[in-house]
Amino acid sequence: MADPAEHREEEEAAAAGEEEDTGAQIAPIVKLEEVAITTGEEDEDVLLDMKAKLYRFDKDGGQWKERGTGAVKLLKHKETAKVRLVMRQAKTLKICANHLVVATTKMQEHAGSDKSCVWHALDFADCELKEEMFAIRFGSVENCKKFKDLVDEIAEQQGKNEEKESEEVSSAAELVEKLTVAEVKKEEQTEKVETPAVDDKKDAEK
């Protein structure tokens, strides 16, 4: 009859043989290449980044509907200096708000909560421009005030930039108009000088 201890040693040795590393290398069936992921925010500076919960007003249903919870950002473009508001859902990173902060953007305090504010915007989150009414709720009154004050400041600055651009366009238009008038007068004077010379030539031929 076989010794149980000896039989147990043989089983352990067999198991050890099965787990022994043979040193063989198995090449992967599919080689995955590294892919650079872009967010569209590479050319923008972050002015604000806060956690919040966003709502949009459903006109058909006449009620507020949750749009998502995540980070709301104010991003300033490095070249154009335009600022946009972008918010993505925390887990899926789906965009739930994406619009420019313009001179007409007005933040209003929410009547029911001092941690929330409301505004209208032409939003592009769904890949088409739509007039939306948003409400956003922060974790504290301080964060809400900081967000509101910064948006109001940006909107005011955008208004000044638009006025400056309008003045520059008007000045350029006036300059073009003056140059055009000056060219017309010059052409008229040239015609007056040339006309008598032609008449004198005709008299000489007679």
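Asp152 and Lys148 both sit in helix α2 (residues 141–205), four residues apart, or about one turn of the helix. Helices here are DSSP runs of H or I with at least four residues, strands are runs of E with at least two, and both are numbered from the N terminus. The model is predicted: local features need pLDDT of at least 70, side-chain atom pairs count only at pLDDT 80 or more, and totals for chains, interfaces and linings use all residues. Residues are numbered from 1 along each chain as its sequence is written, and side-chain values use heavy atoms, with hydrogens and water left out.

**Salt bridges**

- Side chains of opposite charge can pair when their charged atoms come close.
- A salt bridge is a side-chain nitrogen of Lys or Arg within 4 Å of a carboxyl oxygen of Asp or Glu.
- By this rule the model holds 11 salt bridges.
- Asp152 and Lys148 form one of them, with the closest N and O atoms 3.1 Å apart.
- Asp152 is partly exposed, at a relative accessible area of 25%, while Lys148 is buried, at 18%.
- For these terms, buried means under 20% relative accessible area, exposed means over 50%, and partly exposed lies in between (1.4 Å probe, protein chains only).
- One network, joined by salt bridges that share partners, takes in Arg56, Arg67, Asp126, Lys130 and Glu132.
- Arg84 and Glu44 also meet through their side chains in a salt bridge, at 2.7 Å from N to O.
- This pair links distant parts of the chain: Arg84 is in strand β3 (residues 83–89), Glu44 is in strand β1 (residues 44–58), and 40 residues separate them.
- Arg84 counts as buried at 17% relative accessibility, and Glu44 counts as buried at 12%.
- Asp58 and Lys65 form a further salt bridge between their side chains, at 3.2 Å from N to O.
- Asp58 is buried, with a relative accessible area of 12%, whereas Lys65 is partly exposed at 39%.

- Strand β3 is mostly covered, with five of its seven residues buried.
- Two strands pair if DSSP finds at least two bridges between them.
- Strand β2 (residues 63–77) pairs with β3 in the antiparallel sense, over seven bridges.
- In β3, Leu85 stands opposite Leu74.
- β2 and β3 make a hairpin with five residues between them, and Ala81 in the turn has a positive phi of about 70°.
- Strand β4 (residues 95–100) also pairs with β3 in the antiparallel sense, over five bridges.
- Here Arg84 faces Leu100 in β4, the two standing opposite each other.
- β3 and β4 form a hairpin too, with five residues between them, and Leu93 in that turn has a positive phi of about 65°.

**His120**

- His120 belongs to strand β6 (residues 116–123).
- His120 is partly exposed, with a relative accessible area of 48%.
- The C-alpha atoms of His120 and Thr105 are separated by 6.9 Å, and the two residues are 15 residues apart along the chain.
- Not counting residues up to four places away in sequence, His120 touches Glu131, Glu132 and Met133.
- Contact means heavy atoms within 4.5 Å.
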